[in-house]
Amino acid sequence: MSSAAHSSHETSPDLLLELAGITKKFGPLIANDAIDLKVHKGEIVALLGENGAGKTTLMNILFGHYVADEGQVTVANRDGGISALEPGAPQAALDAGIGMVHQHFTLAENLSGLDNIVLGTEPIFRLKRDRTKARAKLDQLMSGSGLNVDLDQPVHKLTVGEKQRVEILKALYRDARLLVLDEPTAVLTPQEADSLFATLRQLAATGLSVIIIAHKLAEVLAVSHRIAVLRGGKKVGEMQTSDADHRSIAEMMVGREVPASRRTERAPGAPVLHLSGVTIDRGDDRRSLHGVSLTAHEGEILGIAGVSGNGQAALAQLIAGLSKPDHGSVEIFGDVITRFDAHTFAQNGIARIPEDRHHDGMVGSMTVAENIAIEDVRSKEYQKFGFLDFAAIRKRAEHAIKDYDVRCPGPDAQARLLSGGNIQKLILARVLEKSPKLILANQPSRGLDVGAQSEVHRRLLEARENGAAVILISEDLDELLTISDQICVIHAGHVSSAIATAAIDRSELGLMMAGQSKIDAQHAATIPTADQGETR
Amino acid sequence: MIRFEPRSNPGPIFVYGVPVFAAIIAILLAAIPLALAGAPILKAYGLMITGAFGSIFSTSEMLTRATPLILTGLAAAIAFRAKLWNIGAEGQLYMGAMAAVVVGSGVIDGPSWVMIPAVMIAGAIAGALMLIGPTLLKTRLGVDEVVTTLLLNFIVLLFVQMMLEGPLKDPMSMGWPQSEPIIDSAILPPLLERMRVHLGLIIALVSAAALAVFVKRTVWGFEIRAVGENAAAAKFSGISVTKTMILVAALSGGLAGLAGVSEVAGTRGYLATDLSPGYGYAGIVVAMLARLSPVGVIISALFVASVFVGADSMSRAIGVSSYLADLIVAMSLLCVLIGGFLTRFKVRFDRKKTAG
C-alpha cells in the first residue's frame, strides 16, 4: 500500500496554489489540523474524506469564508511571482482566479445561461448591453473544452448536466485558473459523469487546475492525477492516483478495515408489495407516477435506480403511506390497501427510512429516546391512559443505542446533536427493531461515510435474510448493484420491469436512467428465479 | 466585522438566567424615560415596588391583574409550541366572556358548583371555536393564521359591541352598553375578604400545572411537541398534523376563553367592551418571556402584572405617564428576544476588514 505522503514535484515551477499548515478550530473541535496541500498547473487533485473530515472547512478557508487560525494560502500570480492570499476575503480568491462549482447550483432559473454567466461581470447602469464580446469568449471556451450548452435557453429548461456546464463556464468566463468542484457527480447519470470527467481532463490539459471534492472512490480513481485523503481534520495520506487502489483508499478514509457488503444467494418468497398501474398525477414528471407496476418479494431487495427527481419521491411517499394513488391498486400481502395513512402503515410492519433524514426523520429538539419511540407512542407498550411510560421508552432506547451502536451521550440527549450517520442508525433502530415485513429505504446511505454506509447495507441485508422485502431507492449505482437482487429503473414517472442484478449491463442501465432506452412499463416485475441472486 | 456562531448546547444558566437578566435590564433601562420625564428615579422605583407589593391590597390588585395574563399567556404558549401563531387571544377572551354572560346572567340558575363550571365550560368552548376556524383554514387551505386570528379580534370586538347595544344590553344600565350582571351563584368568589383577587387565580394556576403535565407527560403533549418542532418528521412518523393542530387550537382558544370568563365572572361582574385592556396581546409577551414554558408563564405573568400595577400607582403618585408600564414590558420582551438570540449564538468580533 502506497499510503505515505509523497508528492512528486516538491518545488516545481508550475505550482499554482499552496495551502501550508492550515489549522482551524471551532471551540474544542479541530476541523483542520495543519493541512498542507499543493496544486500544480494542469493538475486534477481529488480531495477525499468522510463527512466531517474537514474538506468543506478547508475549501471555505481557501475561498475566504473562514479565516484559518494558523497557516497560510499562497497563490502563483499570473506574472509568475508568488503571493499570499488575503485571509477572509472572498474577493481576493476570485481575483486570484479560483472558481467554485457548488453541489447545489447557484443559478437564476428564469434567466438564460448567458445571462447567468455574465451576471455580476457587467456594470449595472448601462443603456445598451453589448454581449458580442462575451459571446465570442464563451464560444471559444465551449469549443476548446467541449462544454456545449445552448446559452439562450432559460436555465430551468436545461438538464442537470447542462446546468453544471453553465456553472463551469461561469467560472471559466471569470478567467478561473483553479476550479473547485464539490461532489460534482451527485446529480449526474453515469454517462453525464463520464462526459464531465472527459471535459475536466481536457481542461486540465490546457493548463487549468482542478480540485474535486468527492467520496465516490471509483470516480476519483477515474479522473484525478493525485489524491489527498482527509480524516478527522488531518491529512492522512496523499498519493499519485496511478499508485492508488480502491481498498487502500477506503481504509485510509475510515481509519479501519471496511467490511465489504456481500449478498448471499437466497430464493425470494411470496410477494409482499404489489403495485399495479399506479398513477399519481401531480402535473409534473418529477413528482408523478404513470402506470407503475412492480412487485417486491419476501427476502428480496428490489432496487429502484434513477436520476434524482424522476418520480422517486412520489413512489416513496406512496409506500410510506403519505399519499394515495389516483388510479391503480396497491396490495400488501394480497390485501388491497384503501387506507393510506402513515400511522397505519408503520403499525402494520412497514419500515420507512426517509430520504431526508434531518428533515423527515427526526425531531431535533426531542431526545434520542423520544425519537426512537415516535412511531409507537400511541401503542400500549409506551403509554397508559394517555400518559407516556418514560421507563419503557428509555429502556427501548438503551437497547437500541447498544444494538445499533448509536453514538450519543445517552437516551436523553437531544437528537440534533447526533451526526448524520448516527441519525441514520437511530432511524434504523426505530424501524428495524420491529422485524418489519416490508422496508422502504429511500437513499439510505446518501451523504454517509463509508463506514456508516456499510453498516446500513449490512442491516438491510440482514433484514432480507430474515425474510423482509426491501425497496431500495437509490441514485448510487454501486450501492444498487452491490446489494439489490433485482433493479427497476425509474424515469419521468415510469418504472421499467425488474431486471435481475446479475444480468444487468451497466451502460444499458445508464441509458435507461437518462430516458434514452425505452422503459417497458406495461409488464409487472418479472418473477425472479433462484439463480438471479448471484453475488457480485 | 461582527459574526454570529451557533452555540452547540446552551447550559441551564442561559436557559433560566436569560429571562431574569432581561427583566432586570429592562427595569434598569426604565430609568432613562423616567429621567427624561424629570421624575426622581430612586423614589419612582420605590413607589413601583410599594405599588405592587406594599400592602395586602396592592398585592391583591397585582394578583388580580396577573390572573387573566396567566391564562392568555398559557394560550399563547401552547399555540406557539405547536407553531400555531395565535394572535387572536383577545378576541377569544371576549367570546369566552360573552358566552359566560349568555349562560351566567340568569337564563339558567343553580348552585355555585353547577353554575361556575357551566360558565367556565361555555367560555372555554366559545374561545376554542374561535380558534378552530382559523386553524382549519390553515391546515386545509394554507391560510395564514396570523392574519385571520389578528383580524378576528376586531370582528369579535365589534360583534360584542353590537350584542351589547342589542340583545345582551342590560335594560337597567341607564343606556350604557353593558350586559346584564352575572348572577351571584356564577360569580367566582374572592379569595380574601374585601379584596378583588378571586377564584380565577386558582383556576389559572391549576391550568398552568395541568398544561405543564399535559405537554411533558402525555401522548398528546408528545405529538404537540413533535409537530411544533418538526411538522414534516411528525407527519412522516404517522402523527396527524391536522388533528394535533386542532387539539392545540381547542386548548389555546379555550384557555383564552377562560381568561374572559375569569374577568367577567371574577373581576368585573358584567360584560362591557372595555373588559380587557389588551390581555390577549399581553399574553403573547408573557409567553415569550416565559419561553413558552407553562410554569414559566406564572412567573412572567406575575412580573408583567407587577410592572403594570406598580407603574400605574407610581405614575399617579409622581405624575408621569402610566404608559411607562407598557414601555418596561416592551423593553423586557426585546431584552428577552436579544437574550434568546445570544443563547443560541456566540458573537464574535473580527478585527480584520473584509474586502468587497
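**View 1. Two helices of chain B cross.** Helix α3 (residues 41-53) and helix α4 (residues 56-81) of chain B have axes that come within 5 Å and cross at roughly 80° (axes are lines fitted to C-alpha atoms, for helices over the stretch in contact, with angles from 0 to 180 degrees between N-to-C directions). α3(B) is therefore roughly perpendicular to α4(B), a label for angles of 65 to 115 degrees. T50(B), G51(B), A52(B) and F53(B) of α3(B) meet S58(B), T59(B) and M62(B) of α4(B), where contact means heavy atoms within 4.5 Å. Helices (H or I, at least four residues) and strands (E, at least two) are DSSP runs, numbered from the N terminus.

This is a predicted model: local features need pLDDT of at least 70, side-chain atom pairs count only at pLDDT 80 or more, and totals for chains, interfaces and linings use all residues. Residues are numbered from 1 along each chain as its sequence is written, chains are lettered from A and ligands numbered from 1 in the order in which they are written, and side-chain values use heavy atoms, leaving out hydrogens and water.

**View 2. An open sheet in chain A.** Its six strands run in the order β6-β7-β8-β3-β9-β10, with mixed pairing (two strands pair if DSSP finds at least two bridges between them). β6 and β10 (234-240) of chain A stand at the edges with a single partner strand each, so one side of each has no neighbour in the sheet.

**View 3. Strand β6 of chain A up close.** On one side of β6(A) (residues 98-101) sit I98(A) and M100(A), on the other G99(A) and V101(A), and all are buried, meaning under 20% relative accessible area (1.4 Å probe, protein chains only). β6(A) pairs with β7(A) (residues 178-182) in the parallel sense over four bridges, and V101(A) has L181(A) as its bridge partner.

Key:
Buried < 20%, exposed > 50% of the residue type's maximum accessible area, 1.4 Å probe, protein only. Parallel < 35°, antiparallel > 145°, perpendicular 65-115°, else oblique.
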